[in-house]
Amino acid sequence: MGTSRCGTVAIVGRPNVGKSTLLNALLGQKLAATTHKPQTTRRTLRGVVNHGDAQVVLVDTPGLHPPKRGLHAFMIRQALDAARDVDVLAFVTEASTRGIHKDDDLVLRQLEREGALTRPMVLVLNKVDKLKDKGQLLPLLKTWSERGQFKALVPISAQKKKSLGPLLDELARHLPEAPPMFPGDTLTDASARDICGELIREKVMLELRQEIPYRAAVVVEEFDEARRANETKPLVRIAAVIHVEKDSQKAVVVGKKGERVKAIGQRARAELETLLGCQVMLELFVRVEPDWTTSEHGLKKLGYVRPA
Ligand SMILES: Nc1nc2c(ncn2[C@@H]2O[C@H](COP(=O)(O)OP(=O)(O)OP(=O)(O)O)[C@@H](O)[C@H]2O)c(=O)[nH]1
Ligand SMILES: [Mg+2]
């Protein structure tokens, strides 16, 4: 028997590099919203992976970007608070032939200011599947390793689930010796209700263009599991509200004869049925919450508050 290890790992990096895809891949189940659009993740989400003698508690975080106000400030705080609180950092970036992205340096400076760079840090070079030739990795690995900031550099593909074992080995190695924090079968400490809200929001982001994805929030108002254990026809009934900032945005989300919100609902229902493993009855409503992304009152009302 080896010594058991357990600790927390924050998955950090600039937007859109594949942090949430990585969390889902490591868990072997989709819990986090992922889209091709930057700034998809808005709050931290914990996922638990048991790997050999280690329990790795992963924390997905919003992509770091220059500080702004309102919702952006909340998102950045979520990521920085997580980075400061964990045992190890998994710094995710893209394996690109163009070398180190200037925004990676910006993120590293943000983490440094927060005092988070004292943690062991593993560099995760994601999306290696996009490289035409694996030889292109060598100069990139060299440039990053010259920084001397990282305990290890691990090229992976979160999407193709490549090299996830070696990445977990590397993360687990730097965790403290400790008994597991969660029972062996725990996947997350987030509620099914909150995860459903996030996956509905993912579909809103995918169905809509331009500004609206960034002005929409989803609040699950009813999550009725009374018939989930029903033997013949298990069912969960969910009612959720998509909040936007203006009447004009509401009109777009609803769509002609309600067809846009119907499409969002259909896609979301399929995803939620996979997640919950039963039939889902989903009702969606669209409401206007003026200026919620910039007003303290609005942010609080829609659940974007920092825990005390
Ligand atoms: N080709 C390729 N695409 C990937 C890989 N991992 C993630 N992606 C894609 O990259 C995009 C962004 O993925 P996300 O997981 O949402 O990225 P994120 O870092 O969580 O983004 P934010 O939450 O906005 O910070 C999506 O279109 C993913 O499908 C990968 O290994 N290879
Ligand atoms: Mg994300």
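How do the residues of the shell around ligand 1 divide into nonpolar, polar and charged?

**View 1. The shell around ligand 1.** The shell has five nonpolar, 14 polar and four charged residues. Here Ala, Val, Leu, Ile, Met, Phe, Trp, Tyr, Cys and Pro count as nonpolar, Asp, Glu, Lys and Arg as charged, and the others, Gly among them, as polar. Of the 23 residues around ligand 1, Gly18, Ser20, Thr41, Gly63 and Gln159 come nearest; a residue is near if its C-beta atom, placed from the backbone, lies within 6 Å of the molecule. Helix 1 (residues 19-27) gives the most to this shell, with three residues. Helices (H or I, at least four residues) and strands (E, at least two) are DSSP runs, numbered from the N terminus.

Before you look further, note that this is a predicted model, in which local features need pLDDT of at least 70 and side-chain atom pairs count only at pLDDT 80 or more, while totals for chains, interfaces and linings use all residues. Residues are numbered from 1 along each chain as its sequence is written, and chains are lettered from A and ligands numbered from 1 in the order in which they are written.

View 2. Domain 1 (5-173) and domain 2 (192-301) divide the protein, with bounds from an automatic or database domain assignment. Their C-alpha centres lie 28 Å apart. The contact takes 10 residues from domain 1 and 12 residues from domain 2, where contact puts two C-beta atoms, placed from the backbone, within 7 Å.

**View 3. The largest nonpolar core.** This core has 79 residues, and Val9 and Ala90 have the most contacts inside it. A nonpolar core is a set of buried Ala, Val, Leu, Ile, Met, Phe, Trp, Tyr and Cys residues joined through C-beta atoms within 7 Å. Leaving aside neighbours within four places in sequence, Val9 is in contact with residues including Val56, Leu58, Val88 and Leu171.

View 4. Strand 4 (residues 88-94) pairs with strand 5 in the parallel sense over six bridges; pairing needs at least two bridges found by DSSP. Find Val92 opposite Val124.

Key:
A residue is buried if 20 or more other C-beta atoms lie within 10 Å of its own, exposed if 12 or fewer, and partly exposed in between; C-beta atoms are placed from the backbone.
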